[in-house]
Amino acid sequence: MTSEPMAPPRTSPEPLFEPLVVHRSTLKTWLASLAAIPAVVVGVDVLWHQRIIGWVSDFVFDSDPQSLDMRDTIWAWALVVVGGVVLAWGLKELFFPAPLLVTTEEGLHVRMNGPFRPMTVLPWFSLYDIDAGTLEDDEEDVEVLIIEVKEPDLLPDNPWSGRRFDERTVALFATDWDRRPDDVVKTIVDHAITVARHRPPQP
């Protein structure tokens with residue numbers, strides 16, 4: 001059986017392929033931002049104006065209005081801080097989205113160490129298998145991208161937004177991606193084949 005001939009070396013600086021860039025779904029990011037607004041509004045009202053919470057208190061405890069104690073103030077600050085962080089993150093992702101997965105000629109770049117840390121780089125020839133599937137999480141089937149590598153040290157012990165199956169395999173949750181995981185797999189495979197034809201592994 002004869003092997004497929006290698007592609008001739010490139011003589012121009014043109015890229016081998018157009019990079020694949022996967023972001024978080026705009027719709028789901030927008031919904032997350034909207035969900036944080038009521039928390040911020042209620043927290044601010046409790047801490048300063050007490051108009052909304054005062055109306056609710058008068059309506060529920062008509063004959064015996066309730067006053068706020070220190071515990072309510074702590075909860076209000078928690079609502080403001082957590083809601084503000086989620087809202088700021090959502091707006092940032094809407095206007096300046098951070099990629100979750102990128103393909104380049106060097107390899108597959110995946111955000112597995114957290115939203116504010118550098119992406120994990122998986123060289124093309126370190127990939128053993130890649131597939132799309134579903135995984136049960138909290139009694140619900142979620143879409144995942146399954147990546148198997150040849151060297152376990154390339155994968156983080158506790159991947160962000162994912163789950164480590166074994167030493168060489170990780171499943172990344174893809175339910176909030178802007179592209180379906182099976183489409184992502186097809187593109188990654190095409191890019192890997194293109195790189196293999198132009199850049200054979202070093203002995």
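## How strands E3 and E4 meet

How many bridges join strand E3 to E4? In this predicted model, strand E3, made of residues 107-110, is joined to E4 by four bridges, and the two strands run antiparallel. Within this pair, Val 110 is found opposite Thr 120 of E4.

## The sheet around them

Strands of a sheet pair through backbone hydrogen bonds, and this pairing can be parallel or antiparallel. Here, four strands make up an open sheet with antiparallel pairing, and their order is E1-E2-E3-E4. Its edges are strand E1 (21-22) and strand E4 (120-123), each of which pairs on one side only.

Strand E4 also has two faces that can be told apart: Thr 120 and Leu 122 belong to the covered face, whereas Val 121 and Pro 123 belong to the uncovered one. Thr 120, which stands opposite Val 110, is therefore part of the covered face by the cut-offs for accessible area.

## A patch of negative charge

On the surface, a patch of negative charge brings together Glu 136, Asp 138, Glu 139, Glu 140 and Asp 141. One of these residues, Glu 139, lies in the loop that links strand E5 (127-137) and strand E6 (140-149). Glu 139 has a relative accessible area of 76%, and because exposed means over 50%, this residue counts as exposed.

Terms used: Residues numbered from 1 in each chain as written. Predicted model: local features only at pLDDT ≥ 70, side-chain atom pairs only at ≥ 80, totals over all residues. Heavy atoms only, no water. Patch = residues over 30% accessible without salt bridge, like charges linked within 9 Å, V, L, I, M, F, W, Y side chains within 5 Å. Areas by Shrake-Rupley, 256 points an atom, 1.4 Å probe, with all protein chains shown as cover. Salt bridge = Lys/Arg side-chain N within 4 Å of Asp/Glu carboxyl O. Lys, Arg positive; Asp, Glu negative; His and termini not counted. Charge placed at Lys NZ, Arg CZ, Asp CG, Glu CD. Buried < 20%, exposed > 50% of the residue type's maximum accessible area, 1.4 Å probe, protein only. Pairing = 2+ DSSP bridges.
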